[in-house]
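I opened the model to look up a few residues, some helix pairs and the domains. My entries follow in the order in which I made them.

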Amino acid sequence: MVAPKIWNAMEAAEEARENHGSSGIRSSSLTVDPSLSLPDMKPCIVELCKDLFKNWSILDDSHFAVETVSGGITNLLLKVSVREESGDIVNITVRLYGPYTEFVIDRDRELQAIQYLSAAGFGAKLLGIFGNGMVQSFINARTLTASDMRKPKLAAEIAKQLHEFHQVEVPGSKEPQLWNDIFKFFEKASILKFDVIEKQQKYETISFKEIHTEIVELKELTDRLNAPVVFAHNDLLSGNLMLNDEDEKLYFIDFEYGSYNYRGFDIGNHFNEYAGYDCDYSMYPNKDKQYHFFRHYLEPYRPHQVSDKDLEALYVETYTYMLASHLYWALWALIQAKMSLIDFDYLGYFFLRYNEYKRQKEKCFLLVQLYLSGSGTG
Ligand SMILES: Nc1ncnc2c1ncn2[C@@H]1O[C@H](COP(=O)(O)OP(=O)(O)OP(=O)(O)O)[C@@H](O)[C@H]1O
């Protein structure tokens, strides 16, 4: 097993300290125990805020209100409202990384990306980092549901924003990470041991030999497409989309899985999320709905001028990487089943994603072969 890369919070904090003048990102070496109850955690959060934002250090603790925004599937997110001396209220969020999340999330990669993405106007502004988390601006908006996300007007807006997102340049290697990540997940996922006997028995029904063959075959197929590579969000589910209804501003949030990747993966992965938390894959968009999305993605200001050839190419690309998205999150779920402290049936989630992969595979492979042979997709 490849040794997991443990995010070096101290190094990152030190780097941010050095860069503070230019990037405006503050840093603290404090850590907050995520297992504390909210009342016990509050004094630690207040101390952290005072350490990061020196102008708040003179305020009495009664000026700080702390509440939970979300348990997330991965992290704990808190909202801190600070009544400043002037009487103004400032809202920020404090994100505590979930334990062991470094097994599936590269925090260095996330932190670097977030700075460039937030400078380009995406997501919440990064205000500071600390030993086991980060502080960001609070976004005044509601979180979308899967059914919101499927509405044509919002789908067009998401496509348009994704087009912009994919234009952002993040320094560093521009190598697509998909297959590196999938193989890394595979290595970890294939050697797990569960203490709970039922879980272990369920786990033992999985054929990793079969999965490995699937990964290799799918990689070979996607390689033949020469798909464009962009800086991708990689986790565009409804919970990572927020909308302010008044000014109709849409926000992409949560760049934990962001990396250079195939654009078709970002889109296919997003379409898989139409299934919502119940994984109802009958909600996957039909060809018309996909084309609606593609038009606004490819030409946000002239959606009706996109050529049939470009639509078809993106259709094939998306279909193929949609399969990769199932493999990616299926393997991710196995690692979570072992590592996460969150009470969620990750093992069951593996089967939902992998079974859907198997259900779609043949049709997809056939479609790509037809397309590559020049016979079209019909
Ligand atoms: N900066 C923010 N301002 C306001 N609300 C936010 C902000 N960031 C996240 N949220 C809210 O908290 C929820 C969880 O956030 P996020 O997805 O970043 O956490 P997570 O732990 O990574 O969750 P998951 O693993 O489920 O994606 C979002 O769906 C959104 O409702």
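Entry 1, isoleucine 206. I looked up its accessibility: isoleucine 206 has 10% relative accessibility and therefore counts as buried (under 20% relative accessible area is buried, over 50% exposed, in between partly exposed, with a 1.4 Å probe and protein chains only). I note that this is a predicted model, in which local features need pLDDT of at least 70 and side-chain atom pairs count only at pLDDT 80 or more, while totals for chains, interfaces and linings use all residues. Residues are numbered from 1 along each chain as its sequence is written, and side-chain values use heavy atoms, with hydrogens and water left out.

I placed isoleucine 206 in the loop between helix H7 (197–204) and helix H8 (208–223). Helices (H or I, at least four residues) and strands (E, at least two) are DSSP runs, numbered from the N terminus. Which residues does isoleucine 206 touch, not counting those up to four places away in sequence? I found Ile211, Leu334, Phe350 and Phe351, where contact means heavy atoms within 4.5 Å. Phenylalanine 351 lies 145 residues from isoleucine 206 along the chain, and I read 9.1 Å between their C-alpha atoms.

I took up helix H6 (residues 178–189) and helix H11 (residues 308–339), whose axes come within 9 Å and cross at roughly 35°. The axes are lines fitted to C-alpha atoms, for helices over the stretch in contact, and angles run from 0 to 180 degrees between N-to-C directions. I noted the crossing of H6 and H11 as left-handed (the near helix is turned anticlockwise from the far one by less than a right angle; clockwise would be right-handed). From H6 the contact includes Trp179, Ile182, Phe185 and Phe186, and from H11 it includes Tyr328, Leu331, Trp332 and Leu334. I sorted the residues of this contact into 14 nonpolar, no polar and two charged. In this sorting Ala, Val, Leu, Ile, Met, Phe, Trp, Tyr, Cys and Pro are nonpolar, Asp, Glu, Lys and Arg are charged, and the others, Gly among them, are polar.

The axes of helix H9 (residues 263–272) and helix H10 (residues 287–298) come within 12 Å and cross at roughly 140°. H9 passes H10 in a right-handed crossing. On the H9 side I listed Arg263, Ile267, His270 and Phe271, which meet Gln290, Phe293, Phe294, Tyr297 and Leu298 in H10. I counted six nonpolar, two polar and one charged in the contact of H9 with H10.

I then checked phenylalanine 294, which is found in H10. Is phenylalanine 294 buried or exposed? It is buried, at a relative accessible area of 0%. Leaving aside neighbours within four places in sequence, its contacts are Ile267, Phe271, Leu311, Leu314, Tyr315 and Thr318.

Cysteine 279, not a glycine, has a positive phi of about 55°. I located cysteine 279 in the loop between H9 and H10, where it is buried at 11%. Glutamate 248, also not a glycine, has a positive phi of about 55°. I found glutamate 248 in the loop between strand E9 (241–244) and strand E10 (249–252), exposed at 52%.

The domain assignment gives domain 1 (11–138) and domain 2 (143–372), with bounds from an automatic or database assignment. I read 28 Å between their centres, taken over C-alpha atoms. In contact are 20 residues of domain 1 and 26 residues of domain 2.
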